[in-house]
Amino acid sequence: MEEKVLTRHFGVEGLFRIEVYREQGGYKAVEKALKQMTPAAVLDEVKKASLRGRGGAGFPAGVKWGFVPQNVPKPRYLCVNADEGEPGTFKDRYLMNHNPHLLLEGTIIASYAVGIHAAFIYIRGEYEAVALRLEAAIDEACRNGYLGKNILGTGFDLDVVVHRGAGAYICGEETALLESLEGKRGHPRLKPPFPASVGLFQCPTVINNVETLSNIPFIVQNGAEWFIRQGLPKDGGTRVFGVSGMVQKPGIYELPLGTNLRTIIFDYAGGMKDGKQLKAVIPGGMSAPILTADEIDLPMDFDSLAGAGSMLGSAAIIVIDKETSILDVLKSVANFYSHESCGQCTPCRIGTAWINKIVRRLADGEGEQDDIDAIIRLASNIKGKTLCPLGDAAALPILSICQKFRRELEGYLSHA
Amino acid sequence: MPRVFFDDRSVEVAEGLTLLRAAESAGIHIPHFCYHPAFAPEGSCRMCLVEIEGLPKLELACSTLVKDGLKVRTMSPKVVEARKGVLEFLLAEHPLDCPICDKAGECKLQDYFEEYGLFRSQFKERKERREKKFKLGRNLILDRERCILCTRCVRFLNEITKTEDAGILNRGIYSEVGIFESEFIDNNYSGNLAQICPVGAITDSDFRFKTRVWFLESRESVCSLCSRGCNIIMDSHPGHPRTPRPRRVYRVRARLNPDVNSHWICDYGRYGYAYLDKDRQDKLVWKKGGRETRLSWDKAAQILAEKIRSLVLHKKNSRIGVILHANLTNEELFLADRLFRRGLGVEKFFLADPPPGEGDDFLLTPDRTANRRGLQEIGLPVQAPGLEALSGLDLLLIFGHYLAAGTSPAGLENALDKVETKALFSSHKTGLDGLVDFIIPVPVIAEKKGTLTNIDGRVQAFAAGLDFEGDGLPEWRALLDLAKELRVETKYFWPLTSPEAVFRALQKEIPFYK
């Protein structure tokens with residue numbers, strides 16, 4: 001059994017309370033970073049650790065921090081992306097619920113490294129209980145001198161605020177998140193400029209996923225080399241995989257990056273449920289292109305999945321069995337993106353809705369011969385042409401389903 | 001300066017320009033809907049995507065900045081295909097009501113479909129039904145089915161009027177432009193929304209269903225309804241093709257002038273064109289002994305010149321009065337000064353202007369005349385006409401119909417009664433008409449040619465936006481004819497035969513216009 005990092009103490013009763021967290025070695029990394037390391041040294045260590053963003057895009061966290069200009073008079077901000085809207089994904093909820101102080105510790109260290117004195121945790125509105133738990137943890141951290149003014153007597157100040165979203169998937173997109181946080185409609189911004197230079201309230205801003213930041217204390221404590229050893233040289237650390245669908249034991253599994261997908265499904269998650277047969281796997285949240293049953297001998301890391309034409313994304317593994325109709329999968333995907341498209345740009349607004357209308361017609365038994373080609377053509381016209389990544393997130397899984405399961409889909413066409 | 005290649009054409013462009021503007025400066029049009037030069041790039045319509053060598057994806061021309069050596073393809077198969085894709089999406093949910101849409105003929109969606117689309121619709125689904133005539137503003141009707149959500153209207157209200165009246169409501173395919181309930185858009189610049197809408201989503205109730213745009217003739221002009229001098233386009237047409245009638249203005253639009261009005265005009269200027277048709281003088285008449293006689297200008301000019309000549313001969317210059325107004329062109333004011341004051345020694349100059357109105361802090365000035373600055377710079381010694389000053393005159397030349405507005409009818413009648421001969425050069429019928437001996441119809445600024453000096457001292461030349469119908473003639477012509485008839489300074493006045501020639505003469509004598 002590989003060593004767990006983020007979820008190691010999940011079994012400990014009351015881990016969400018600061019005393020228990022400290023008993024397990026919590027907040028040592030903050031002490032070390034703030035008292036023994038310069039911000040530049042922290043940044044350097046994170047860069048060396050090859051920590052890639054856990055939200056989905058896999059951008060190296062250290063590089064992202066490095067983009068923030070230090071010589072501007074404006075304040076800098078940190079936004080913790082806890083919107084976790086990607087269907088199939090539930091890892092951040094577990095991380096925050098079980099171990100809120102770990103996220104706070106990562107937040108403090110990241111803020112210290114980049115010179116930030118205000119951080120916002122943007123959490124999806126549905127995570128009501130988690131948000132309350134985070135707020136309680138922030139209170140505890142303040143009372144114990146880990147947040148607020150003059151943290152641990154080092155002169156470093158940081159305030160953390162929890163902000164609840166209102167239920168839009170698009171607000172997980174970092175610039176839409178910023179708009180929403182500013183009190184506006186959650187519409188993605190045109191990039192460039194990137195948030196690192198022009199972000200929240202027009203100020204330089206770092207946006208990191210919950211899991212990304214939760215890794216920071218371990219990198220500070222154990223060093224970059226140790227961190228890389230937990231995963232791969234170009235993709236350090238572990239990943240908290242969320243397995244759902246037709247498996248015996250759905251849940252979260254923290255495993256080294258590069259663990260084989262088949263192993264995760266058949267060993268860790270206990271294999272297929274009730275003797276069902278594997279048909280397909282969505283390996284990285286709903287926006288990841290689908291893999292067929294014979295494509296799952298793959299190491300689960302960013303580059304391997306990209307090489308296989310899919311993506312690691314949020315590492316949410318959705319397992320689909322043979323009894324599940326692929327049309328139902330397509331219907332679910334098409335409906336979701338049509339519903340969640342923010343409507344700002346043309347291809348996504350109209351393209352996702354158009355595809356959804358065709359798919360619904362297919363499901364009503366009124367599909368025509370050229371409909372699958374039409375879906376493929378429309379999805380191709382969305383791909384790479386939208387303002388934000390939501391367009392690709394919709395187009396890629398739809399394209400992969402239509403291409404890889406074309407024969408099954410054709411079976412649903414009316415033959416009148 | 002960076003050098004950019006557009007489709008292998010090397011172009012030197014200014015630093016900091018976007019690809020779209022740089023291409024435009026090189027005469028290459030990159031299609032777009034949401035981009036508008038007055039606003040920051042929005043990037044939402046996705047129509048302006050172009051190919052940049054070395055980049056895997058198509059990039060936005062509206063927001064990508066030029067860089068030295070950039071190789072841009074604006075017409076490659078990939079780009080044209082992408083445009084077609086965007087058009088297909090937009091048209092899928094767009095009603096095909098072009099035959100009853102006011103925008104037809106000047107609609108970007110139509111134009112681009114002709115250019116890049118021309119596909120058969122493959123949309124087999126049910127189109128979303130939306131509200132077809134939502135009252136968005138005082139003169140604005142929103143058709144939500146036609147709307148392509150470019151958000152130009154929203155951005156105009158956020159960035160230009162800063163009234164923030166509109167926004168996008170709902171999400172995805174259900175997104176729509178909306179306003180606060182019961183608070184429709186009502187500001188002095190709302191008419192611009194219909195003009196900047198790239199499709200027929202926002203139409204102008206003032207123009208709605210009145211004509212088709214391809215019947216219109218567009219002429220450039222300068223707005224004369226306040227002293228800003230906004231640059232405009234006057235769209236007019238001569239009635240139905242089979243039953244020709246006098247040319248009428250159907251619509252006034254803003255014309256770009258970055259130094260005066262940018263892309264905008266106010267609603268006062270946009271909708272205030274009714275005066276062009278209403279109560280116009282149409283007959284040149286002479287009223288003698290209670291009888292009204294029509295006569296030619298040549299004849300009228302002879303009679304008036306004779307009167308002036310005899311007064312001047314008898315050293316009765318002080319018994320001649322001239323009433324001017326600040327809606328005369330620079331040329332006309334200059335000629336009035338040159339002929340009457342310096343040529344004939346007339347001293348009594350009065351001013352009768354339309355009353356001031358309310359201004360705003362953007363374009364509209366409280367002064368409702370177009371050329372007050374010109375009047376000041378030319379330096380005519382004008383005074384407001386106290387009625388008592390008019391008594392004792394033998395001849396009064398009245399330019400403009402504004403005298404009636406500022407005075408009591410009885411008082412005016414009394415004062416004018418004592419003046420022997422009164423000639424009125426006016427564009428509009430007023431109570432003044434009954435009190436004068438001659439009525440000479442004249443064009444309004446929109447119907448003549450010349451220059452105006454706006455409130456900031458900017459001299460703007462304009463040509464006739466509309467034809468002048470009827471008996472009379474423009475004031476500059478009338479003044480030159482009188483000069484000719486009077487034979488004053490013939491060497492000076494005779495070569496002046498056009499407003500341009502008069503302006504050149506003015507430039508020689510008035511330093512401000514050099």
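Two residues are taken to be in contact if their C-beta atoms, placed from the backbone, lie within 7 Å. On that basis, 23 residues of chain A are in contact with 25 residues of chain B. Everything here rests on a predicted model, in which local features need pLDDT of at least 70, side-chain atom pairs count only at pLDDT 80 or more, and totals for chains, interfaces and linings use all residues. Residues are numbered from 1 along each chain as its sequence is written, while chains are lettered from A and ligands numbered from 1 in the order in which they are written.

So what does chain A bring to its partner? Helices and strands are DSSP runs (H or I of at least four residues for helices, E of at least two for strands), numbered from the N terminus. Within the side of chain A that touches chain B, α13 (326–340), α14 (346–363) and α15 (371–382) each supply at least two residues. The largest share, nine residues, comes from α14(A). Sorted by class, that side of chain A holds ten nonpolar, nine polar and four charged residues. Here Ala, Val, Leu, Ile, Met, Phe, Trp, Tyr, Cys and Pro count as nonpolar, Asp, Glu, Lys and Arg as charged, and the others, Gly among them, as polar. As for confidence, the predictor gives the complex an ipTM of 0.94 and a pTM of 0.93.

Chain A as a whole comes next. Its secondary structure comes to 17 helices and ten strands. The C-alpha trace of chain A spans about 80 × 45 × 35 Å along its principal axes. The radius of gyration of chain A, 22 Å, agrees with the value near 22 Å that a compact globule of 416 residues would have; this radius is taken over C-alpha atoms, and the globule rule is 2.2 Å times the number of residues to the power 0.38. A residue is called buried if 20 or more other C-beta atoms lie within 10 Å of its own, exposed if 12 or fewer, and partly exposed in between, with C-beta atoms placed from the backbone. Of the 416 residues of chain A, 57% count as buried. Among contacts in chain A between residues at least 6 apart in sequence, 70% join residues at least 24 apart.

Chain A is also split into domains, with bounds that come from an automatic or database domain assignment. The assignment gives domain 1 (18–230), domain 2 (238–321) and domain 3 (326–410) of chain A. The C-alpha centres of domain 1 and domain 3 of chain A lie 34 Å apart. Contact between these two takes nine residues from domain 1 of chain A and eight residues from domain 3 of chain A. On the domain 1 side of chain A, the residues touching domain 3 are six nonpolar, two polar and one charged.

Helix α16 (residues 390–404) of chain A has 15 residues and reaches 22 Å from its first C-alpha to its last. That is close to the 21 Å expected at 1.5 Å a residue, where the expected span is 1.5 Å times one less than the number of residues. α16(A) is mostly covered, with 13 of its 15 residues buried.

D274(A) is not a glycine, yet has a positive phi of about 45°. This residue lies in the loop between α11 (261–268) and β8 (278–282) of chain A, and D274(A) is exposed, with 7 other C-beta atoms within 10 Å. D7(B) falls in the loop between β1 (3–6) and β2 (9–12) of chain B and counts as partly exposed, with 16 C-beta neighbours inside 10 Å.

Chain B averages a pLDDT (the predictor's confidence in each residue, from 0 to 100) of 94, and 98% of the residues score at least 70. Its assignment gives domain 1 (3–75) and domain 2 (285–513), with 52 Å between their centres, taken over C-alpha atoms.
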